[in-house]
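Here is a short briefing on one protein chain. Please keep the sequence and the model open while reading.

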Amino acid sequence: MTEFHYATDADGIATITWDVPGKSMNVMSFDGLRELDACIDKVLSDPAVKGAIITSGKDDFAGGMDLNVLAEMRDQAGDNPAQGIFDGVMSTHQLLRKIERAGMDPKTLKGGKPIVAALPGTAMGIGLELPLACHRIIAADNPKARIGLPEIMVGLFPGGGGTIRLAYKLGAMAASPFLLEGKAQDPQKTKAAGIIDEVVAPDQLLARAKEWVLGAKDADLVKPWDAKGYKVPGGAPYHPAGFMTFVGASAMVHSKTFGVYPAAKALLSAVYEGLQVPFDTALKIEARYFTQLMMNPSSGAMVRSLFVNKQALEKGANRPDVPDERVKKVGVLGAGMMGAGIAYVSANAGIEVVLIDASQEAADKGKAYSTGILDKGIKRKKVTEDKKAQVLGRINATTDYAALEGCDLIIEAVFEDMGVKAEVTKKAEAVIPADAIYASNTSTLPISELAKASARPEQFIGIHFFSPVDKMLLVEIIKGEMTGERAVAKSLDYVRQIRKTPIVVNDARFFYANRCIIPYINEGMRLLKEGAAPALVDNAARLLGFPVGPLQLVDETSLDLGAKIAKATKAAMGNEYPDEAVDEVVFWMVDEGRLGRKSNAGFFDYDEAGKRLGYWQGLADRFERLEDQPELAEVKNRLMMAQVLEAVRALEEGVLEDIREGDVGAVLGWGFAPWSGGPFSWLDILGAGRAVEICDDLEARFGPRFKAPQMLRDMAAKGETFYGRDAKAAA
Ligand code: NAD
């Protein structure tokens, strides 16, 4: 055995220790399941063994199921993947049920052997589903530990009995934050929620577990759902109270997901049906819905983008092969909105920061941003005073460029102006070590142009953050024409240090993310100008699974920013500029003083507290509403195609080099319909042939911006998919 180790002591207690070699966190594999099964058989068959403790050889119990296992289950089953998944899941149920019944007489419920889970730390996913099948769960009092079932976050639901056991244990209402939101908590809170039984001092964990096993009576081993007459807390679905839970939960799920996330709905169905039948049938129902979910292309795409590929990118899938370039001291130039955020995330990751602005007041204000975030953390008990002092102690806010001495990375975030940026590049390079890497956080200026101000263009690169820096998970790394491998490696190592997800793209107007977002919001404004109701535009986007519609998004990012970008783009593109129609909306709004949320007036009206009230009546006065509103399907197609075609063009032009980055970047960068896994996954689900048909139709009616890229046409002709033709990404 390699993942589970079995030992017995003189008192007849078996200890099953989960300790996957070569990993800092246990994850459940096929082998792991087989080994655990063998350990349980030993416990139950050996008359000398009285009971067992299942624990971990690591600081944590387990991080969950290795999601590759699920993909394998599907792929290994050949012609009948659904059967493969169902059988795989049912065999896990049998194992956990064996633990739960522990050899007891099925009629008298007597004679079982006590099995206790002893959790030293974090227990997530199957790492909690396994304990839920044990007779008692004891956790070490480890405030850093997280206990929960996070599957819903990657488009799945707990399929190892966790859904049914938690619903049976807590009732549907109390279980819903853990199942439907993937809420994970520390051991004390998890105990208060009724999920685990005991929290003890870490050094008492195993002793207490053993004590419990030795003292356990037959009745302690019978799960409530196996006892006669068990009533689920809060009432079963046909009970008046239970009924209300499901009415509310269905409405809540639908209002959050608009029906595009299959997992939440399947979960709810599994619980609703599962609570009305005997427990073993309920597990079978859970397995059926889980299989159905796994067969839904959305789930596969979500797992692939949000889990497998996101992790691969974070681990440096596209990192050049150069030695460790982790950052020790970073210089941040410009302490405005972005610089202040960059300083905070860097210092928080343990990196020394020199934060420079033109005046000491501005530099101090930038540092105060960190104070603000840390103070909020203290209020919410997530940060200690000590930690606050350490983080702030790492930020040196100054106007003195000499302080940049010894910085191995510079991130420039001064005004978006070629001249200002060139000047600070020269000033910094006069001080920093000759081998330091210099990055600009520009959103619109070409990296290759900015690099001209540098004496070391191969050490010059773009590191593009999204706002607000401390919340947004994506960082776009941009290679200029001259950028060398070490600059890429350094940027990737830095992004890893600050625990964000990187994508690496080539230098072109608006790089990748903004290049796709701009046509999306522009399409929304075009629709408005043509006379579509603004609610139709924004709601179509939400029905596609976007967190906010394009008009609302413009209000959030501000119309004057839109006007500024439009002016600069027009100046750069001249006669090629395609967005005159949109400018009519943008510049008019700016002239009206409706700059968006920041001026409390945009496409929406706002009250004084900044709460959105509804769409501004002035829109209807200016852009006459069409008597016949466009079909919802057409509005959806226009909004979707505006973005995904841009993503395909970015790939075709070599701006994107890896579709995984295109997908992960879209979901994390601008909330691209997460259920789809990203633009390339979305196109794969739709099929290139159908996508081309839609494009041809839209192009004929709305113009060349919807022309299908040649790449897509070729794929349609050959019946290819993006992931099918890209072995590296598919692997
Ligand atoms: P900002 O105006 O809030 O901050 C710029 C800061 O730079 C100001 O504090 C200013 O005093 C300082 N500064 C100007 N000239 C300087 C000089 N010569 N030396 C030192 N400091 C100087 O702007 P921001 O929104 O933080 O944007 C900064 C950069 O980040 C821009 O290049 C912008 O395009 C880019 N960016 C912005 C966003 C966003 O959402 N705001 C997102 C990504 C990238």
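Strand 8 and strand 11 (residues 198-200) pair in parallel, over three bridges. The model is a predicted one. Strand 8 also pairs with strand 6 (residues 115-119), again in the parallel sense, through four bridges. The points below start with these strands, move to one helix residue and end with the whole chain.

- Strand 8 covers residues 136-140.
- Four of the five residues in strand 8 are buried, so the strand is mostly covered, with buried meaning under 20% relative accessible area.
- On the strand 11 side, Ile138 stands opposite Glu198.

**Leu95 in helix 3**

- Helix 3 runs over residues 81-101, and Leu95 sits in this helix.
- Is Leu95 buried or exposed? Leu95 has a relative accessible area of 4%. The cut-off for buried is under 20%, so Leu95 counts as buried.
- Which residues does Leu95 touch, leaving aside its neighbours within four places in sequence? The contacts are Leu33, Leu36, Asp37 and Ile40.
- One of these contacts, Asp37, is 58 residues from Leu95 in sequence. In space, the C-alpha atoms of Leu95 and Asp37 are 6.2 Å apart.

**The chain as a whole**

- The chain contains 31 helices and 21 strands.
- Its 731 residues would give a radius of gyration near 27 Å if they formed a compact globule. The chain has 28 Å, so the value agrees with that expectation.
- Along the principal axes, the C-alpha trace spans about 85 × 65 × 55 Å.
- Of the 731 residues, 55% are buried.
- Take the contacts between residues at least 6 apart in sequence: 73% of them join residues at least 24 apart.

**Surface and charge**

- The accessible surface of the chain is about 30800 Å². Carbon and sulfur atoms account for 53% of that surface.
- How many positive and negative side chains does the chain have? There are 86 positive and 98 negative side chains.
- The centres of the positive and negative sets lie 5 Å apart.

Definitions and conventions:
Residues numbered from 1 in each chain as written. Predicted model: local features only at pLDDT ≥ 70, side-chain atom pairs only at ≥ 80, totals over all residues. Heavy atoms only, no water. Helix = DSSP H or I, 4+ residues; strand = E, 2+ residues; numbered from the N terminus. Rg over C-alpha atoms; globule rule 2.2 N^0.38 Å. Buried < 20%, exposed > 50% of the residue type's maximum accessible area, 1.4 Å probe, protein only. Contact = heavy atoms within 4.5 Å. Areas by Shrake-Rupley, 256 points an atom, 1.4 Å probe, with all protein chains shown as cover. Lys, Arg positive; Asp, Glu negative; His and termini not counted. Charge placed at Lys NZ, Arg CZ, Asp CG, Glu CD. Pairing = 2+ DSSP bridges.
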